[in-house]
Amino acid sequence: MTLHIDKLGHGPQPLVLLHGWAMHGGVFAPLVEALAAQCTLYVVDLPGHGHSRACGLPLEPHTIAGAIAAATPPAPWLGWSLGGLVALTAALDMPTQVRGLAMLCATPRFVRGADWPHGSDAALVHQLAIDLETDYHATLERFLALEAMGSNDPKAELRRLRAEAFERGEPELRVLQEGIGLLEGSDLRTRLPQLAVPSTWIAGRRDRLVPPAAMAWSAERCGGHFVEIPGAGHAPFIGHADAVAEALQPLFADIPA
């Protein structure tokens, strides 16, 4: 039942990193390199992913947040994409443990709705769940292509994501389906005004999965700081790690000593 968490870097500022759907903590390597002198990073493999494939925990934000909090010191948390739902949940429920929040291409609601024009197409997300049952690898390949789309060099970014995806083994079908369920059903918009810790919302200007407008809206609702990285898609830490590191500096400065 133990989550795999890599402790990397040697700087005085602790930072917890949470990856997105179907990936693992190793995908953050460029960002870890950019922050290693400033931060001590706790890089999590979510349940069923990477080296946490056998941990047995459900892919449920409250459960995951509690397990991470028990294994890491008080620190700001950065959540990318699906990982943002876990980080946001933890920041809302455990503000003494999660001392700051960085949402990287992540929002409180992933899919579009009648009252939410900023999300991803609900039909596309639902189709991913259906396709996983019939063609696991092709479905993941399509999702990786969506993540890379819009970046300055989508082919290079897709190659990087494709190389990283199974580097620590294939994620379990069960947790991939649980992840799709989270993306389809989570909605933390009404809780944003309750956020009691400093927050930074970092968007890729060309992101095709999480529109920058969704992140700007979210930052405004909780009094957070919004940053948009030009030329970046859904995975800015790959081609724009230095820009992501720079965007985190005001958050680090806002955290009480």
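Biologist: Is Phe28 buried or exposed?

Modeller: This is a predicted model, in which local features need pLDDT of at least 70 and side-chain atom pairs count only at pLDDT 80 or more, while totals for chains, interfaces and linings use all residues. Residues are numbered from 1 along each chain as its sequence is written, and side-chain values use heavy atoms, with hydrogens and water left out. Buried means under 20% relative accessible area, exposed over 50% and partly exposed in between (1.4 Å probe, protein chains only). The relative accessible area of Phe28 is 0%, so Phe28 is buried.

Biologist: How many aromatic pairs are there?

Modeller: Rings of Phe, Tyr and Trp (its six-membered ring) pair if their centres lie within 6.5 Å; planes under 30 degrees apart are stacked, over 60 edge-to-face and the rest tilted. By this rule, the number of aromatic pairs is 5.

Biologist: Which kind of pair do Phe28 and Trp80 form?

Modeller: A pair of aromatic rings is described by the distance of the centres and the angle of the planes. The centres of Phe28 and Trp80 lie 6.4 Å apart and the planes are at 75 degrees, so the pair is edge-to-face.

Biologist: How many residues apart are Phe28 and Trp80?

Modeller: Helices (H or I, at least four residues) and strands (E, at least two) are DSSP runs, numbered from the N terminus. Phe28 is in the loop between strand E2 (13–18) and helix H1 (29–35). Trp80 is in strand E4 (residues 75–80), and the separation in residues is 52.

Biologist: Is Trp80 buried or exposed?

Modeller: The value to check is the relative accessible area of Trp80. That area is 0%, so Trp80 is buried.
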